[in-house]
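Me: Hi! I have a protein model open and I'd like to walk through it with you. Could you help me read it?

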Amino acid sequence: MAPMVPLPALALVALVALVAPGLGVAPGCDRPAHLWCSSPEIAVACQVENHCPNLPRPAAAPVELSLYYESLCPACREFLVLKLFPTWLLLPSEMLNITLVPYGNAQERNVSGKWDFQCQHGPEECLGNMIEACLMHEAKNFSTYFPIIFCLESGSSVTKNLEACLQIYAPELDRGRIAACVQGDTGMALMHQNAQLTEALDPPHQFVPWIVINGKHTDELQAQAEASLLGLVCHLYQGEKPEVCGSSKAPKIPLGCRR
């Protein structure tokens with residue numbers, strides 16, 4: 001009976017056969033074959049990185065999503081509540097980075113050195129936009145303020161439920177600081193900043209919600225995000241995907257709030 005060859009030796013023979021036909025060695029590879037998979041640097045030099053499954057992989061970049069919206073637009077609220085927030089909950093934090101820009105189809109003008117805003121759905125929407133901008137400014141951490149914004153947008157009143165939403169999701173936040181921001185120069189400055197970000201969009205936004213994925217907006221990306229945001233993020237992410245990733249069908253979202 002022929003002696004058995006240890007499995008590691010067989011694996012090494014297979015690796016050599018795969019990447020070095022005729023026992024040739026990649027230029028720049030000065031290590032013996034049994035060390036080719038010992039580090040990412042050696043694997044690259046020996047051109048075997050695709051054949052070394054146990055090597056640590058570089059972290060994949062997250063999918064970047066920016067949502068340009070206004071606080072009282074029905075389609076914006078529906079996308080944020082039914083698509084964006086559930087997708088964020090389902091995916092690991094390293095897969096998706098979200099930027100929220102509450103401003104939408106508002107208009108700003110400088111009146112005697114102070115900014116004045118007119119919003120598509122009236123003064124209450126301007127107040128809602130500013131509350132959410134100030135909340136983000138004070139909370140700083142996305143995982144802190146996004147559940148509160150979800151609570152506001154999914155509730156009966158964006159402008160009247162801040163106290164209740166804070167009590168549920170972030171009782172540690174200073175309500176007084178948020179109120180001072182809304183009523184003072186900081187809130188105005190934040191809204192002006194959001195106006196500039198919105199006006200700088202390329203292509204210019206035609207409606208809200210306006211969705212930008214990895215720095216780009218196209219009709220196709222917008223339609224895919226509205227139809228199945230989870231499926232789109234899973235498709236675009238280049239790293240190891242969690243089990244939740246897969247095809248996802250969803251009801252159509254109503255047409256956005258046009259300018």
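Me: What should I know before starting?

Reply: This is a predicted model, where local features need pLDDT of at least 70 and side-chain atom pairs count only at pLDDT 80 or more, while totals for chains, interfaces and linings use all residues. Residues are numbered from 1 along each chain as its sequence is written, and side-chain values use heavy atoms, leaving out hydrogens and water.

Me: How many helices and strands does the protein chain have?

Reply: There are 9 helices and 7 strands. Both are DSSP runs numbered from the N terminus, with helices (H or I) of at least four residues and strands (E) of at least two.

Me: And how much of the chain is buried?

Reply: Of its 259 residues, 44% count as buried. Buried means under 20% relative accessible area, exposed means over 50%, and partly exposed is in between (1.4 Å probe, protein chains only).

Me: Okay, helix α6. Which residues are buried there?

Reply: In α6, which spans residues 162-169, the buried ones are L162, C165 and L166. They cover an arc of only 100 degrees around the axis, which puts them on the same side of α6. That arc is taken from the directions from the helix axis to the C-beta atoms.

Me: What covers them?

Reply: The cover includes α4 (123-139), α5 (142-154) and α7 (175-183).

Me: New topic: rings! How many aromatic pairs does a search of the whole structure find?

Reply: The search finds 9 aromatic pairs. One of them is F85 with W88, a tilted pair at 5.6 Å centre to centre and 40 degrees between the planes. Rings of Phe, Tyr and Trp (its six-membered ring) pair if their centres lie within 6.5 Å; planes under 30 degrees apart count as stacked, over 60 as edge-to-face and the rest as tilted.

Me: Where do F85 and W88 lie?

Reply: Both are in helix α3 (residues 74-90), 3 residues apart, about one turn of the helix. F85 also pairs with F146, edge-to-face, at 5.2 Å centre to centre with 70 degrees between the planes.

Me: Is F146 buried or exposed?

Reply: F146 is buried, with a relative accessible area of 0%. Ring pairs also link F85, W88, F142, Y145, F146 and F150 into a cluster.

Me: What does I98 touch?

Reply: Leaving aside residues up to four places away in sequence, I98 touches L65, L84, W88, F142 and F146. A contact means heavy atoms within 4.5 Å. I98 is found in strand β2 (residues 96-102) and is buried at 9% relative accessible area.

Me: Last one: how many disulfides are there?

Reply: The structure holds 6, each a pair of cysteine sulfur atoms within 2.5 Å. One joins C37 to C52, with 1.9 Å from S to S. The torsion about that S-S bond is about -70 degrees, so this disulfide is left-handed.
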